[in-house]
Structure formats: structure tokens, C-alpha cells
Amino acid sequence: MPKILSLPVALIPFNVKKLLLQQLLNWHFRYSLAEGELDFLEGRFLGIEMGDMNLTGSITLQNGQLVVLSDARADVWFRGNANDLLLLAAHKADPDMLFFQRRLAIEGDTELGLEVKHVMDAIELDAMSMPLRTGLQLLAAFVEAGMKLDAKAVQARAGAIC
């Protein structure tokens, strides 16, 4: 997936990506924002980096709304590839498993990282809108199928360790 999407994503201006992502995040977390469950992000920055897609940005809370910034500053960083972060969002991968397999790096303010992890764990797929949930699940199924094919391809190679 990252190879297919990396060029189109690179061609989209940051302000367009920012606007779309902010609208999606604020709409999806509207109840959490209203209840104050994300107030811990006020004045703090969560950095997200997808190295395989060359995407880096940070998210913070300003005036009760989530704001996406292009800044490379963050109090805590979540770094991983697009496939793993997608599987994480779709609840198809455990963040602890990804962390211990070194497929997800969490660097910086550990306390803030744990707060973010708890919010992510609390998100129920059933609470998502049908289009968002369906799109996320379809993309996750596509990624999982591709990962299984890649694993089979490695085993089938001549000289592969059995």
C-alpha cells in the first residue's frame, strides 16, 4: 500500500492534507473532545511519522479542537510504517506487540504516550461512522492479505531458512 500511495500523497499539498485530517479527527473525536477526554493534549504535541510514506506531522489541542501541524516538534513520537499504523487504527494489531517487534517506536514523554495509547485502546470500531469503519476495515484486510502473501513469498524463495 505505501508504494502505491506514497507518490499521490507526496503530490498533495500539506495544507490540503492538514484540512482533511483535521476535519476527520475533529469529527471522529467530537464526543471525546466535548467530554474533555483529550484535554491532556492542550499545549502538548503528539508526533506521528510514517517513514515509508515520508509523512511527518504533529497533533495538538487548541481551543477545544485538534490541530495538525507540519512542525517536527513533538513531546512524544509514534513512528512506524503506514501498514502497521493502519492495522493499529483498525484494531488488527496490538501496539505492545508492534513495539516489542520494533515495528512501532514510541519516543519522548512516556506519560503522554501512555495517555494517547489509552485513548486509542478505548476507541471502539462500532462507534465509528459506517464509511470510516468500512474503509478502515477494507484497507486493513488489504494490508493483512498482502503481508500474508509476502510471508509466503519469503518461505518459497530458494535458499530460505526453514
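**Salt bridges around Arg44**

Guide: The side chains of Glu115 and Arg44 meet in a salt bridge, 3.6 Å from N to O. A salt bridge here is a side-chain nitrogen of Lys or Arg within 4 Å of a carboxyl oxygen of Asp or Glu. This pair links distant parts of the chain: Glu115 sits in helix 6, Arg44 in the loop between helix 3 and strand 1, 71 residues apart. Helices (H or I, at least four residues) and strands (E, at least two) are DSSP runs, numbered from the N terminus.

The model is predicted: local features need pLDDT of at least 70, side-chain atom pairs count only at pLDDT 80 or more, and totals for chains, interfaces and linings use all residues. Residues are numbered from 1 along each chain as its sequence is written, and side-chain values use heavy atoms, with hydrogens and water left out.

Asp109 also forms a salt bridge with Arg44, with the closest N and O atoms 2.6 Å apart. Asp109 lies in the loop between strand 5 (104-108) and helix 6 (110-122), 65 residues from Arg44.

Asp109 is partly exposed at 26%, and Glu115 at 24%. Buried means under 20% relative accessible area, exposed over 50%, and partly exposed in between (1.4 Å probe, protein chains only).

The count for the model comes to seven salt bridges.
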